[in-house]
Amino acid sequence: MKLGKYCVTVMLGKHLKKTPPEKISAPAKALHQHKKENGEIDKVKARKEHEIYRETHNKKWRRRRWASILFANLLFLVSYALDIQILEGSLTASRFLGFHMADLNSALQVVLAFKEVLINLLIGFVTILLMWLLLGGRTFCSWVCPYHLLSEFAEMIHIKLLEKRWIQNHTFNRKARTGFYIFFALLAFVSGYTVFETLSPTGILSRALIYGPTVALLWVLFLLTVEIFYSRRAWCRYVCPIGLTYGFVGALSPLKVNYNVKDCHHEGDCRKVCLVPHVLEWTVKGRAPEINVELGPDCTRCGMCIDVCPTDSLKFHFKGLSKKP
Amino acid sequence: MSDKSNKKPRLTRKERARREFLRTTALAAGVGGFSLLQLLPTLTHSAPRLRPPGALDEQQYLASCIKCGQCVQVCPVEAISLADIFDGQGQGAAYIDARAQACDFSCDGLQCVLACPTGALTHEINYAHQTRMGFARLGRPGSCLAVQGEGFHGLIRGPEYQGKLRFEKIDRWNPIPINQHPFELELCDLCIRLCPIEIRRTQCDSGKPPSGDINQCPPKPAIAMERIESEGKATHYRPVVFEGCVGCGVCEMVCPTAKPSIVIDIRKTADDSAEEAQV
C-alpha cells in the first residue's frame with residue numbers, strides 16, 4: 001500500500017527520483033543486477049526490434065479507444081437527434097436508459113457551489129463512481145472524453161513539427177494541476193458558481209456536439225493551438241481537474257496496466273507515447289521495485305504503451321481476474 | 001518565450017527549472033485570470049435571461065445547474081436553449097428566448113423540471129400555474145393593436161416565423177407551427193386568448209380541466225382585456241396582467257406588432273409587482 005500512496009503523490013506532482021535500493025525487492029534486485037551484467041550485448045538488437053515493431057505493429061488499443069470515444073459521444077447525439085432516448089443529456093450529466101449518471105467533477109463543482117447534496121445528483125455520482133472504480137478511473141479520459149481525441153490529433157501534429165525542428169516542446173511543473181484543482185474547488189465554494197464548467201473543453205465539446213456549435217468552441221480551438229505549437233498535451237497534463245478527480249478513483253481501481261520487468265529492453269518507447277510518462281517510471285532501468293508492478297493512478301489506461309511495447313512487458317491487468325506473468 | 005538552446009549551449013538544469021517555473025506561473029495566471037474573467041458577465045448581470053419553469057433564484061440556479069441540457073431534450077416546443085460563452089457562468093445553462101419560442105406548457109407535466117438531475121429547476125412544483133419565470137407587462141402600449149382598437153387578420157408574425165404552440169382543438173398532444181394557424185379577430189386579443197394560464201382557466205370553467213386533473217386549474221387569472229373609456233373617440237382596450245401571470249412568455253411570442261407590445265420582465269413575479277404598486 002505504501003507504493004500506492006507514493007504513486008498518488010507522483011500524480012499530484014511529486015518529482016521523480018531513483019527508487020531507493022531498500023524499496024526494491026530481492027528478486028527484482030537480482031533481475032536488475034542480471035540485466036546490468038548482460039544487457040549491453042543486446043542493446044543494438046533491442047533498438048532494431050523496437051524500430052521494426054513501431055512501424056509494423058497495428059495499434060489495436062488505439063483503434064478500440066477511438067471507437068469508444070466516438071461511440072459514447074455519438075450515442076448522446078443520436079439519442080437526442082433521433083429522439084431514441086438511450087443516453088439523454090451530455091457528458092456533465094445524463095440518463096442512460098433512465099438511470100441517472102453524473103460526471104464526478106461536475107457534480108463536485110455543483111455541490112461546492114450550491115452547498116447542498118441533491119438526491120438525483122448523488123445517485124448519478126455514485127453510479128459513475130462505481131463504474132469508473134471498476135473500469136480504472138482515468139479510463140474516462142482516454143476512452144470517453146472528446147477533448148482527449150482532438151488533443152491526440154493535436155499531439156500528432158505537434159510531434160511532426162518537433163521532428164522538423166520547427167517548434168520546441170515546453171513543459172510545465174506537474175504540480176500546477178494540483179494547484180488548479182484546489183483553486184477551482186475553492187473558487188466554486190467561495191463564488192457560488194461552477195466556474196470550471198465555463199472552461200472545461202470536455203463539457204463545451206459535448207454540448208456543442210449535441211446541441212449545436214457555440215462560440216465557446218474558440219476556447220477549445222485555442223487550447224489545441226497551444227498544444228500543437230507550444231506544449232504537448234498541456235491541458236490534460238497540467239490543468240484539467242477532471243483528470244485528477246478520476247485519477248483518485250483510479251487509485252482504488254482493480255483495472256491497471258501491469259509492468260513486468262523481465263523481458264523489457266528499457267528503450268523507453270512507452271514513455272515517449274505516454275500522456276503521463278511519470279506513471280511509467282518503473283520502466284527505467286533499475287527502478288522497478290518488484291518484478292511485476294502496476295502503473296500509478298494517473299494512468300489513463302489508454303493502452304498506447306501496450307501497443308508500442310514489442311516485448312509484452314506492459315499489459316492490462318484486472319486484479320483477481322487476470323494472472324500476472 | 002522561445003528557448004534559444006539551438007544557438008546557445010545547452011541550458012543548465014537550474015536555468016531550465018527557472019524557465020519552467022516562470023512558464024508555470026504564466027499558465028496559472030492565464031487560466032486563473034480567464035476563469036475569473038468568466039465571472040464578470042455574471043456579476044455585472046449583463047445577460048439577464050428568462051429561465052425555464054421552476055428555476056431557482058438566479059445565483060442558486062447557476063450554482064446548481066450542471067449544464068447538461070436534459071431539459072432542452074424533453075421540451076416539446078423546443079423553447080429551451082443553452083447559453084454560450086458570453087453568459088459567463090450561465091454558459092451551458094438553460095434559458096428561454098420567449099420572443100423566438102416561449103414555453104406554452106404543452107407538455108402539461110413540466111417535463112423540464114422532471115428532467116433536471118440537480119433540482120436547479122425545483123422539483124417542488126408540479127403545475128404550470130405554480131411557476132414564476134417572470135411577469136408580463138404592456139411595455140409598448142403605443143403599438144398595442146388593442147389599445148388602438150384594431151383587430152388582427154392573418155398569420156401571427158408572418159409565414160416565415162417558426163414558433164410552435166399547442167392548440168387544444170387542433171391536436172391535443174402535439175404543438176403545431178403557428179404559421180399554420182391564421183386568425184381573424186375584430187379586436188386583437190392574442191395575448192389573452194393564447195395565454196396558457198387563461199386557456200387552462202377556460203377549460204376548468206367549462207368543467208374540463210387539462211388531463212382531467214383539477215390540480216391543473218390555475219386559481220388566479222393571469223391576463224384580461226380592460227375597456228378604456230376615452231373622450232369622443234372609438235372604444236379602446238388594453239390587456240391587463242394579474243397576479244396569476246407566470247411569465248411564460250407566450251404573450252410576448254404571439255404579439256403581432258413588429259416589436260412586442262407586451263414583454264416579460266425577467267425574474268419579476270406578481271408579488272414584486274404588488275409590492276411596487278404599494279410603494
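With 14 C-beta neighbours inside 10 Å, Glu78 of chain B counts as partly exposed, because a residue is called buried if 20 or more other C-beta atoms lie within 10 Å of its own, exposed if 12 or fewer, and partly exposed in between, with C-beta atoms placed from the backbone. This is a predicted model, in which local features need pLDDT of at least 70 and side-chain atom pairs count only at pLDDT 80 or more, while totals for chains, interfaces and linings use all residues. Residues are numbered from 1 along each chain as its sequence is written, and chains are lettered from A and ligands numbered from 1 in the order in which they are written.

Glu78(B) sits in the loop between H4 and strand S1 (80–82) of chain B. Helices (H or I, at least four residues) and strands (E, at least two) are DSSP runs, numbered from the N terminus. Most residues other than glycine have a negative phi. Glu78(B), however, has a positive phi, near 50 degrees. Ser211(B) is not a glycine either, and its phi is also positive, about 55 degrees. Ser211(B) is found in the loop between helix H7 (196–205) and strand S8 (223–228) of chain B. Ser211(B) counts as exposed, with 11 C-beta neighbours inside 10 Å.

Chain B as a whole contains 9 helices and 10 strands. Its radius of gyration, taken over C-alpha atoms, is 25 Å, well over the 19 Å that the globule rule gives for 279 residues, so chain B is more spread out than a compact globule. That rule is 2.2 Å times the number of residues to the power 0.38. Along the principal axes, the C-alpha atoms of chain B fill a box of roughly 95 × 45 × 45 Å. Of the 279 residues in chain B, 41% are buried.

Chain B also touches chain A: 36 residues of chain B are in contact with 47 residues of chain A, where contact requires C-beta atoms, placed from the backbone, to lie within 7 Å. On the side of chain B that touches chain A, helix H1 (13–37), helix H3 (58–64) and helix H4 (70–74) of chain B each supply at least two residues. H1(B) gives the most, with 10 residues.

In chain A, the domain assignment, automatic or from a database, gives domain 1 (2–9 + 21–56 + 254–318) and domain 2 (66–248). The C-alpha centres of domain 1 and domain 2 of chain A lie 28 Å apart. Between them, 10 residues of domain 1 are in contact with 12 residues of domain 2.

Which strands form the open sheet of 3 strands in chain A? The order is S5-S4-S6, with antiparallel pairing; two strands pair if DSSP finds at least two bridges between them. Strand S5 (292–294) and strand S6 (314–318) of chain A stand at the edges, each with a single partner strand, so one side of each has no neighbour in the sheet. Strand S4 (255–260) of chain A is joined to S6(A) by 5 bridges, and Val257(A) stands opposite Phe316(A) in S6(A).

Elsewhere in chain A, strand S1 (87–90) and strand S2 (93–96) run antiparallel and are joined by 4 bridges. S1(A) and S2(A) form a hairpin with 2 residues between them. Helix H14 (241–251) of chain A is mostly covered, with 9 of its 11 residues buried. Among them are Ile242(A), Leu244(A) and Tyr246(A).

Notes: Contact = placed C-beta atoms within 7 Å.
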